[in-house]
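Good morning, everyone, and thank you for making time for this.

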Amino acid sequence: MAAPAQPSTAGETPVLRTVAELRAQVAQWRGAGETVGLVPTMGALHEGHLTLVRRAKAECRRAVATLFVNPTQFAPTEDFDAYPRDEAKDRALLATAGCDLLFAPSVEAVYPPGFSTVVEVKGLTRHLDGPFRPGHFAGVATVVSKLLLMAAPTHAYFGEKDFQQLQVIRRLAGDLDIPVRIVGVPTVREADKLALSSRNRYMTPAQREIAARLPPLMQALVTRLEGGANVEAVLNEARGQFPGLGFDRLDYLELADEATLTPSPHPAGPARLFVAVWLGRTRLIDNWPVRLPQK
Ligand SMILES: Nc1ncnc2c1ncn2[C@@H]1O[C@H](COP(=O)(O)OP(=O)(O)OP(=O)(O)O)[C@@H](O)[C@H]1O
Ligand SMILES: CC(C)(CO)[C@@H](O)C(=O)[O-]
Ligand code: BAL
(Lines give C-alpha, C1' and ligand atoms only; values in the text may rest on other atoms or scores of the structure.)
(Ligands and ions follow the chains in the order given, each with its own letter.)
Protein backbone atom coordinates (compact mmCIF):
# COMPACT_ATOMS: atom_id res chain seq x y z
CA MET A 1 0.00 0.00 0.00
CA ALA A 2 1.45 3.38 -0.98
CA ALA A 3 2.21 5.97 1.68
CA PRO A 4 -0.31 8.75 1.07
CA ALA A 5 1.26 12.06 -0.01
CA GLN A 6 1.30 14.47 2.92
CA PRO A 7 -0.76 17.61 2.37
CA SER A 8 0.98 19.85 4.94
CA THR A 9 -0.68 23.21 4.34
CA ALA A 10 -4.12 23.81 2.87
CA GLY A 11 -3.89 25.26 -0.63
CA GLU A 12 -0.48 23.73 -1.32
CA THR A 13 0.22 20.68 -3.44
CA PRO A 14 1.41 17.76 -1.27
CA VAL A 15 5.12 17.03 -1.52
CA LEU A 16 7.16 13.81 -1.48
CA ARG A 17 10.95 13.73 -1.10
CA THR A 18 12.04 10.12 -1.56
CA VAL A 19 12.06 7.92 -4.63
CA ALA A 20 10.41 5.06 -2.71
CA GLU A 21 7.42 7.24 -1.72
CA LEU A 22 7.05 8.58 -5.28
CA ARG A 23 7.17 5.11 -6.81
CA ALA A 24 4.62 3.78 -4.32
CA GLN A 25 2.17 6.65 -4.95
CA VAL A 26 2.39 6.42 -8.74
CA ALA A 27 2.17 2.61 -8.62
CA GLN A 28 -1.04 2.93 -6.62
CA TRP A 29 -2.56 5.31 -9.19
CA ARG A 30 -1.46 3.25 -12.16
CA GLY A 31 -2.60 0.06 -10.45
CA ALA A 32 -6.07 1.64 -10.35
CA GLY A 33 -5.84 2.21 -14.13
CA GLU A 34 -5.18 5.96 -13.88
CA THR A 35 -3.00 7.91 -16.30
CA VAL A 36 -0.22 10.03 -14.78
CA GLY A 37 1.32 13.12 -16.43
CA LEU A 38 4.78 14.20 -15.22
CA VAL A 39 5.96 17.83 -15.44
CA PRO A 40 9.68 18.15 -14.61
CA THR A 41 10.77 21.65 -13.52
CA MET A 42 13.52 23.48 -11.72
CA GLY A 43 10.99 25.58 -9.79
CA ALA A 44 10.59 29.38 -9.73
CA LEU A 45 7.34 28.59 -11.46
CA HIS A 46 5.58 30.87 -13.92
CA GLU A 47 2.66 30.67 -16.33
CA GLY A 48 4.73 28.52 -18.74
CA HIS A 49 5.14 25.79 -16.13
CA LEU A 50 1.51 26.09 -15.04
CA THR A 51 0.38 25.66 -18.65
CA LEU A 52 2.30 22.37 -18.74
CA VAL A 53 0.62 21.27 -15.49
CA ARG A 54 -2.86 22.23 -16.72
CA ARG A 55 -2.22 20.34 -19.97
CA ALA A 56 -1.07 17.29 -17.98
CA LYS A 57 -4.17 17.50 -15.80
CA ALA A 58 -6.44 17.90 -18.85
CA GLU A 59 -4.97 14.83 -20.56
CA CYS A 60 -4.21 12.61 -17.55
CA ARG A 61 -6.12 11.66 -14.40
CA ARG A 62 -3.14 12.71 -12.23
CA ALA A 63 -0.59 15.50 -12.68
CA VAL A 64 2.76 15.19 -10.89
CA ALA A 65 5.31 18.04 -10.97
CA THR A 66 8.95 17.68 -10.01
CA LEU A 67 11.09 20.43 -8.52
CA PHE A 68 14.81 19.78 -8.68
CA VAL A 69 17.51 22.32 -9.48
CA ASN A 70 19.76 19.79 -11.14
CA PRO A 71 23.43 20.58 -10.39
CA THR A 72 24.78 18.40 -13.21
CA GLN A 73 23.24 20.53 -15.97
CA PHE A 74 24.96 23.73 -14.81
CA ALA A 75 28.55 24.38 -15.88
CA PRO A 76 30.85 25.65 -13.07
CA THR A 77 30.59 29.16 -14.56
CA GLU A 78 26.77 29.09 -14.60
CA ASP A 79 24.12 30.23 -12.11
CA PHE A 80 23.41 27.09 -10.01
CA ASP A 81 23.81 28.91 -6.66
CA ALA A 82 21.91 31.99 -7.82
CA TYR A 83 19.06 30.03 -9.46
CA PRO A 84 15.77 31.31 -7.89
CA ARG A 85 14.24 28.97 -5.27
CA ASP A 86 10.87 29.41 -3.52
CA GLU A 87 9.26 26.02 -2.85
CA ALA A 88 6.35 27.31 -0.74
CA LYS A 89 5.26 29.72 -3.47
CA ASP A 90 5.72 27.01 -6.11
CA ARG A 91 3.50 24.61 -4.14
CA ALA A 92 0.75 27.22 -3.85
CA LEU A 93 0.92 27.89 -7.60
CA LEU A 94 0.84 24.17 -8.40
CA ALA A 95 -2.33 23.79 -6.34
CA THR A 96 -4.04 26.50 -8.43
CA ALA A 97 -3.21 24.48 -11.57
CA GLY A 98 -4.70 21.28 -10.14
CA CYS A 99 -1.40 19.48 -9.55
CA ASP A 100 -1.90 16.32 -7.47
CA LEU A 101 1.64 15.87 -6.20
CA LEU A 102 5.05 17.52 -6.11
CA PHE A 103 8.25 15.45 -6.02
CA ALA A 104 11.03 17.62 -4.59
CA PRO A 105 14.02 15.41 -3.79
CA SER A 106 17.34 16.43 -2.24
CA VAL A 107 20.52 16.33 -4.33
CA GLU A 108 21.58 13.23 -2.34
CA ALA A 109 18.31 11.43 -3.16
CA VAL A 110 18.95 11.90 -6.89
CA TYR A 111 22.75 11.51 -6.84
CA PRO A 112 23.69 9.26 -3.91
CA PRO A 113 27.39 8.78 -3.10
CA GLY A 114 29.11 6.76 -5.83
CA PHE A 115 26.71 7.86 -8.58
CA SER A 116 28.64 7.28 -11.84
CA THR A 117 26.23 7.03 -14.80
CA VAL A 118 25.77 9.59 -17.56
CA VAL A 119 23.15 9.55 -20.33
CA GLU A 120 24.47 11.29 -23.42
CA VAL A 121 22.41 11.94 -26.53
CA LYS A 122 24.72 12.44 -29.49
CA GLY A 123 23.89 14.24 -32.74
CA LEU A 124 21.01 16.39 -31.51
CA THR A 125 23.33 18.10 -28.99
CA ARG A 126 26.08 18.89 -31.50
CA HIS A 127 24.80 22.36 -32.50
CA LEU A 128 22.83 25.32 -31.06
CA ASP A 129 23.08 25.23 -27.21
CA GLY A 130 25.35 22.15 -27.16
CA PRO A 131 28.71 23.86 -27.83
CA PHE A 132 27.80 26.89 -25.68
CA ARG A 133 26.81 24.82 -22.61
CA PRO A 134 29.32 21.95 -22.41
CA GLY A 135 27.94 19.09 -20.32
CA HIS A 136 24.49 20.69 -20.08
CA PHE A 137 22.53 18.20 -22.17
CA ALA A 138 24.26 15.21 -20.55
CA GLY A 139 23.09 16.60 -17.20
CA VAL A 140 19.55 17.13 -18.52
CA ALA A 141 19.42 13.70 -20.23
CA THR A 142 20.69 11.94 -17.11
CA VAL A 143 18.27 13.60 -14.70
CA VAL A 144 15.26 13.32 -17.03
CA SER A 145 16.01 9.60 -17.60
CA LYS A 146 16.09 9.19 -13.84
CA LEU A 147 12.88 11.17 -13.27
CA LEU A 148 11.04 9.13 -15.93
CA LEU A 149 12.28 5.87 -14.41
CA MET A 150 11.55 6.98 -10.83
CA ALA A 151 8.04 8.26 -11.52
CA ALA A 152 7.04 5.84 -14.30
CA PRO A 153 4.39 8.24 -15.67
CA THR A 154 2.22 7.47 -18.70
CA HIS A 155 2.89 10.96 -20.15
CA ALA A 156 5.58 13.63 -19.62
CA TYR A 157 5.27 17.30 -20.60
CA PHE A 158 8.06 19.64 -21.79
CA GLY A 159 8.04 23.15 -23.25
CA GLU A 160 8.96 24.03 -26.82
CA LYS A 161 10.76 27.08 -25.38
CA ASP A 162 13.61 24.61 -24.74
CA PHE A 163 13.10 22.97 -28.15
CA GLN A 164 16.52 21.28 -28.31
CA GLN A 165 15.94 19.84 -24.82
CA LEU A 166 12.51 18.54 -25.93
CA GLN A 167 14.03 16.73 -28.92
CA VAL A 168 16.84 15.30 -26.76
CA ILE A 169 14.24 13.94 -24.33
CA ARG A 170 12.12 12.41 -27.11
CA ARG A 171 15.27 10.69 -28.39
CA LEU A 172 16.42 9.32 -25.02
CA ALA A 173 12.95 8.01 -24.18
CA GLY A 174 12.87 6.16 -27.50
CA ASP A 175 16.47 4.97 -27.37
CA LEU A 176 16.19 3.68 -23.79
CA ASP A 177 12.72 2.12 -24.36
CA ILE A 178 11.19 4.16 -21.55
CA PRO A 179 7.44 3.57 -21.95
CA VAL A 180 6.15 7.15 -21.77
CA ARG A 181 4.49 9.54 -24.19
CA ILE A 182 6.60 12.73 -24.45
CA VAL A 183 4.34 15.75 -25.12
CA GLY A 184 5.73 19.09 -26.39
CA VAL A 185 3.83 22.23 -25.33
CA PRO A 186 4.00 25.51 -27.34
CA THR A 187 5.94 28.40 -25.79
CA VAL A 188 3.96 30.65 -23.44
CA ARG A 189 4.79 34.32 -24.00
CA GLU A 190 4.37 37.68 -22.26
CA ALA A 191 2.03 40.25 -23.85
CA ASP A 192 5.01 41.59 -25.85
CA LYS A 193 5.79 37.99 -26.94
CA LEU A 194 8.97 37.55 -24.87
CA ALA A 195 9.10 33.86 -23.91
CA LEU A 196 8.44 33.33 -20.19
CA SER A 197 11.51 32.01 -18.36
CA SER A 198 12.50 31.75 -14.70
CA ARG A 199 15.71 33.57 -15.57
CA ASN A 200 13.81 36.62 -16.90
CA ARG A 201 13.67 37.84 -13.28
CA TYR A 202 17.43 38.46 -13.41
CA MET A 203 16.84 41.36 -15.81
CA THR A 204 16.79 45.02 -14.76
CA PRO A 205 13.85 47.10 -16.10
CA ALA A 206 16.21 48.61 -18.70
CA GLN A 207 17.33 45.14 -19.84
CA ARG A 208 13.70 43.98 -19.96
CA GLU A 209 12.97 46.83 -22.39
CA ILE A 210 15.82 45.69 -24.62
CA ALA A 211 14.61 42.07 -24.36
CA ALA A 212 11.26 43.20 -25.78
CA ARG A 213 13.05 43.89 -29.08
CA LEU A 214 13.79 40.18 -29.58
CA PRO A 215 10.28 38.88 -30.52
CA PRO A 216 9.61 41.51 -33.24
CA LEU A 217 13.08 40.94 -34.67
CA MET A 218 12.50 37.18 -34.80
CA GLN A 219 9.02 37.63 -36.31
CA ALA A 220 10.39 39.98 -38.99
CA LEU A 221 13.10 37.45 -39.85
CA VAL A 222 10.55 34.63 -40.07
CA THR A 223 8.46 36.75 -42.47
CA ARG A 224 11.47 37.41 -44.71
CA LEU A 225 12.54 33.76 -44.71
CA GLU A 226 9.01 32.60 -45.45
CA GLY A 227 8.91 35.12 -48.30
CA GLY A 228 11.86 33.36 -49.94
CA ALA A 229 14.73 35.73 -49.03
CA ASN A 230 18.28 34.36 -49.11
CA VAL A 231 18.71 32.65 -45.75
CA GLU A 232 22.45 33.25 -45.27
CA ALA A 233 22.18 36.93 -46.26
CA VAL A 234 19.21 37.55 -43.95
CA LEU A 235 20.82 35.82 -40.97
CA ASN A 236 24.22 37.47 -41.46
CA GLU A 237 22.64 40.89 -41.60
CA ALA A 238 20.51 40.17 -38.51
CA ARG A 239 23.48 38.88 -36.49
CA GLY A 240 25.10 42.29 -36.99
CA GLN A 241 22.02 44.09 -35.63
CA PHE A 242 22.12 42.70 -32.08
CA PRO A 243 24.77 45.08 -30.63
CA GLY A 244 22.96 48.12 -32.06
CA LEU A 245 19.71 46.93 -30.45
CA GLY A 246 21.44 46.90 -27.03
CA PHE A 247 22.12 43.16 -26.60
CA ASP A 248 25.45 42.19 -25.07
CA ARG A 249 26.50 39.03 -26.90
CA LEU A 250 24.90 36.77 -29.48
CA ASP A 251 25.67 33.08 -28.99
CA TYR A 252 23.84 32.04 -32.15
CA LEU A 253 21.06 32.87 -34.59
CA GLU A 254 20.44 29.85 -36.81
CA LEU A 255 17.84 28.27 -39.07
CA ALA A 256 17.77 24.53 -38.33
CA ASP A 257 15.81 21.45 -39.21
CA GLU A 258 13.42 20.55 -36.35
CA ALA A 259 14.24 16.85 -36.51
CA THR A 260 18.05 16.99 -36.69
CA LEU A 261 18.68 20.42 -35.11
CA THR A 262 21.46 20.90 -37.64
CA PRO A 263 21.74 24.49 -38.93
CA SER A 264 21.23 24.76 -42.67
CA PRO A 265 20.05 27.39 -45.15
CA HIS A 266 17.95 24.66 -46.81
CA PRO A 267 16.53 22.36 -44.10
CA ALA A 268 15.07 19.12 -45.46
CA GLY A 269 11.97 19.16 -43.24
CA PRO A 270 10.07 21.56 -40.95
CA ALA A 271 12.42 24.28 -39.72
CA ARG A 272 12.77 26.75 -36.85
CA LEU A 273 14.73 29.90 -36.27
CA PHE A 274 16.76 29.52 -33.05
CA VAL A 275 18.42 32.27 -31.03
CA ALA A 276 20.48 32.58 -27.84
CA VAL A 277 21.58 36.05 -26.75
CA TRP A 278 22.90 37.65 -23.55
CA LEU A 279 21.67 40.71 -21.69
CA GLY A 280 24.00 41.24 -18.75
CA ARG A 281 23.91 37.95 -16.81
CA THR A 282 20.66 36.80 -18.44
CA ARG A 283 20.83 34.40 -21.36
CA LEU A 284 17.64 34.52 -23.45
CA ILE A 285 16.76 31.61 -25.73
CA ASP A 286 13.87 31.40 -28.16
CA ASN A 287 12.73 29.64 -31.32
CA TRP A 288 10.05 30.30 -33.92
CA PRO A 289 8.67 27.91 -36.58
CA VAL A 290 9.51 28.88 -40.19
CA ARG A 291 7.48 27.60 -43.15
CA LEU A 292 9.97 27.96 -45.98
CA PRO A 293 8.56 28.30 -49.51
CA GLN A 294 8.60 25.07 -51.54
CA LYS A 295 11.40 25.18 -54.16
N1 LIG B 1 7.60 30.01 -21.64
C2 LIG B 1 7.44 28.68 -21.57
N3 LIG B 1 6.49 28.08 -22.31
C4 LIG B 1 6.34 26.74 -22.27
N5 LIG B 1 7.09 25.92 -21.51
C6 LIG B 1 8.05 26.48 -20.76
C7 LIG B 1 8.28 27.88 -20.75
N8 LIG B 1 9.31 28.14 -19.91
C9 LIG B 1 9.71 26.95 -19.42
N10 LIG B 1 8.95 25.97 -19.93
C11 LIG B 1 9.12 24.53 -19.70
O12 LIG B 1 9.00 24.23 -18.33
C13 LIG B 1 9.83 23.11 -18.03
C14 LIG B 1 10.71 23.45 -16.88
O15 LIG B 1 11.57 24.50 -17.28
P16 LIG B 1 12.47 25.32 -16.28
O17 LIG B 1 12.09 24.99 -14.89
O18 LIG B 1 13.88 25.27 -16.70
O19 LIG B 1 11.91 26.79 -16.53
P20 LIG B 1 12.50 27.93 -17.38
O21 LIG B 1 11.60 29.09 -17.23
O22 LIG B 1 12.80 27.38 -18.74
O23 LIG B 1 13.78 28.26 -16.60
P24 LIG B 1 15.15 28.78 -17.16
O25 LIG B 1 15.09 30.22 -16.91
O26 LIG B 1 16.04 27.98 -16.29
O27 LIG B 1 15.29 28.41 -18.60
C28 LIG B 1 10.62 22.79 -19.30
O29 LIG B 1 9.96 21.74 -20.00
C30 LIG B 1 10.52 24.09 -20.06
O31 LIG B 1 10.66 23.93 -21.46
C1 LIG C 1 13.84 19.27 -17.79
C2 LIG C 1 14.55 19.84 -16.56
C3 LIG C 1 13.57 19.93 -15.40
C4 LIG C 1 15.65 18.86 -16.16
O5 LIG C 1 16.36 19.33 -15.05
C6 LIG C 1 15.17 21.22 -16.86
O7 LIG C 1 16.15 21.13 -17.82
C8 LIG C 1 14.15 22.26 -17.17
O9 LIG C 1 13.61 22.78 -16.22
O10 LIG C 1 13.89 22.54 -18.36
N1 BAL D 1 15.25 25.62 -19.06
C2 BAL D 1 16.26 24.61 -19.33
C3 BAL D 1 17.11 24.34 -18.17
C4 BAL D 1 18.35 25.14 -18.11
O5 BAL D 1 18.49 26.17 -18.78
O6 BAL D 1 19.26 24.73 -17.37
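The helix α6 gives the most to the shell around ligand 2, with 3 residues; when I say helix I mean a DSSP run of H or I with at least four residues, a strand is a run of E with at least two, and both are numbered from the N terminus. This is a predicted model, in which local features need pLDDT of at least 70 and side-chain atom pairs count only at pLDDT 80 or more, while totals for chains, interfaces and linings use all residues. Residues are numbered from 1 along each chain as its sequence is written, and chains are lettered from A and ligands numbered from 1 in the order in which they are written.

Which residues are around ligand 2? They are P40, T41, M42, N70, Q73, V140, V143, V144, D162 and Q165, where a residue counts as near if its C-beta atom, placed from the backbone, lies within 6 Å of the molecule. Both β2 (36-41) and α6 (136-151) supply at least two residues of this shell. By type, the shell around ligand 2 has 5 nonpolar, 4 polar and 1 charged, with Ala, Val, Leu, Ile, Met, Phe, Trp, Tyr, Cys and Pro taken as nonpolar, Asp, Glu, Lys and Arg as charged, and the others, Gly among them, as polar.

UniProt, in an unreviewed entry, places the feature "binding site" at Q73 and Q165, although such annotations may be inferred rather than shown by experiment. These positions are spread over 93 residues of sequence, yet they cluster in space, with a largest C-alpha distance of 11.5 Å. Q73 itself is found in the loop between β3 (62-67) and α3 (87-96).

Turning to ligand 1, there are 17 residues around it, of which G48, G159, L196, S198 and R199 come nearest. Two or more residues of that shell are given by α2 (47-59) and by β5 (155-159), and α2 gives the most, with 3 residues. The shell around ligand 1 divides into 7 nonpolar, 7 polar and 3 charged.

Finally, a helix pair: α9 (residues 214-226) and α10 (residues 231-239) pack at an angle of about 165°, with their axes 10 Å apart, the axes being lines fitted to C-alpha atoms over the stretch in contact, and angles running from 0 to 180 degrees between N-to-C directions. The two helices are therefore roughly antiparallel to each other, a label used for angles over 145 degrees.

Methods. Angles under 35 degrees count as roughly parallel, over 145 as roughly antiparallel, 65 to 115 as roughly perpendicular and the rest as oblique.
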